Amino acid sequence: MKRSIPALIAAVLVATTLTTTTASAAPTSRPVAKCEFTPTPENPAAKPVRVPSPVARAKGTVDVYFVTNYGPFVVRMDRSNAPCGVHNFVHLVKSRFYDATQCFRLTNSSRLGVLQCGDIYRQEEGGPGYKFPDEVTGQETYPRGTVAYGNQGPGTNGSEFFVVHSFANIAPNYTVLGHVIAGMSTFDRMVAAGIADPDQDGPPAKPIRIYQVWAR
């Protein structure tokens, strides 16, 4: 699919015109959460990025816009559900950590249908150089459109995230950031292009690239 990045950006903005709402006046004081970001010198940052501030806003939403080679999509992230997780994601977006990256894992099995991104080098390799705890209640579910952090065990969140394109029958161990509010057809096109693995869990048959990400 050959479309210019400006055209894709325009498509994102048009797609969200009917789903975004006018922001209300800012409150005089905002609830905050304390976050713990721990450097991982054994796994240094794959791109230049600082450790985020330990204080995060704990109320409100933020929309994150993605432009990929399969089309755009928009995620609405909920600060009240995962204040440290959303704080970190926006920090990485503003640091341009996700710009010009590739998504290395696509699954479409009877148990799991997700696109995994945020690993800079290859699947599960190339994070931001730090980690932080999970924000889960044990009641999480992951229907189509859910966006959540991936991890390699409790308290290992970093830059890796996944988007559920069909369903995910998995344990409630993954911090939910928010949900796709526009552009799910982008993921349908990715899945239709195929997976380079007979078990339907591996690299996309054709590269999936994230050109640019921004938040507002």
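Which cysteine does a disulfide join to Cys103? The partner is Cys117, with an S to S distance of 2.1 Å. This is a predicted model, in which local features need pLDDT of at least 70 and side-chain atom pairs count only at pLDDT 80 or more, while totals for chains, interfaces and linings use all residues. Residues are numbered from 1 along each chain as its sequence is written, and side-chain values use heavy atoms, with hydrogens and water left out.

**Disulfides**

- The structure has 2 disulfides, each a pair of cysteine sulfur atoms within 2.5 Å.
- Counting the bonded cysteines along the chain, the pattern is 1-2, 3-4.
- The link of Cys103 and Cys117 is right-handed, with 100° about the S-S bond.
- This pair connects distant parts of the chain, as Cys103 sits in strand E6 and Cys117 in strand E8 (residues 112-117), 14 residues apart.
- Helices (H or I, at least four residues) and strands (E, at least two) are DSSP runs, numbered from the N terminus.
- Cys103 counts as buried because its relative accessibility is 1%, and Cys117 counts as buried because its value is 3%.
- Here buried means under 20% relative accessible area, exposed means over 50%, and partly exposed is in between, using a 1.4 Å probe and protein chains only.
- Another disulfide joins Cys35 to Cys84, again with S to S 2.1 Å.
- The torsion about the S-S bond of Cys35 and Cys84 is about -95°, so this disulfide is left-handed.
- This pair also links distant parts of the chain: Cys35 is in the loop between strand E1 (32-34) and strand E2 (38-39), Cys84 is in helix H2, and they are 49 residues apart.
- Both Cys35 and Cys84 are buried.

**Strands that meet at E14**

- Two strands pair if DSSP finds at least two bridges between them.
- Strand E4 (residues 61-68) pairs with strand E14 (residues 208-215) in the antiparallel sense, over 5 bridges.
- Strand E6 (residues 101-103) also runs antiparallel to E14, and 3 bridges join them.
- Which residue in E14 is the bridge partner of Thr68? That partner is Ile210.
- Ile210 is also the bridge partner in E14 of Thr101.

**Positive phi in a loop**

- Most residues other than glycine have a negative phi.
- Arg96 has a positive phi, near 60°, and is not a glycine.
- Arg96 is found in the loop between helix H2 (83-94) and E6, and is exposed, with a relative accessible area of 58%.
- Ala100, also not a glycine, has a positive phi of about 55°.

- On a 1 Å grid over the protein atoms alone, a pocket is an open set of points where a 1.4 Å probe fits, with protein on both sides within 12 Å along at least five of seven lines.
- The second largest pocket has a volume of about 420 Å³, a volume being the space filled by probe spheres set on the points.
- Its lining consists of 23 residues, and Asn43, Glu124, Gly126, Gly127 and Gln152 lie nearest the centre; a lining residue has an atom within 4 Å of a point.
- By class, the lining of this pocket has 5 nonpolar, 12 polar and 6 charged residues.
- Ala, Val, Leu, Ile, Met, Phe, Trp, Tyr, Cys and Pro count as nonpolar, Asp, Glu, Lys and Arg as charged, and the others, including Gly, as polar.
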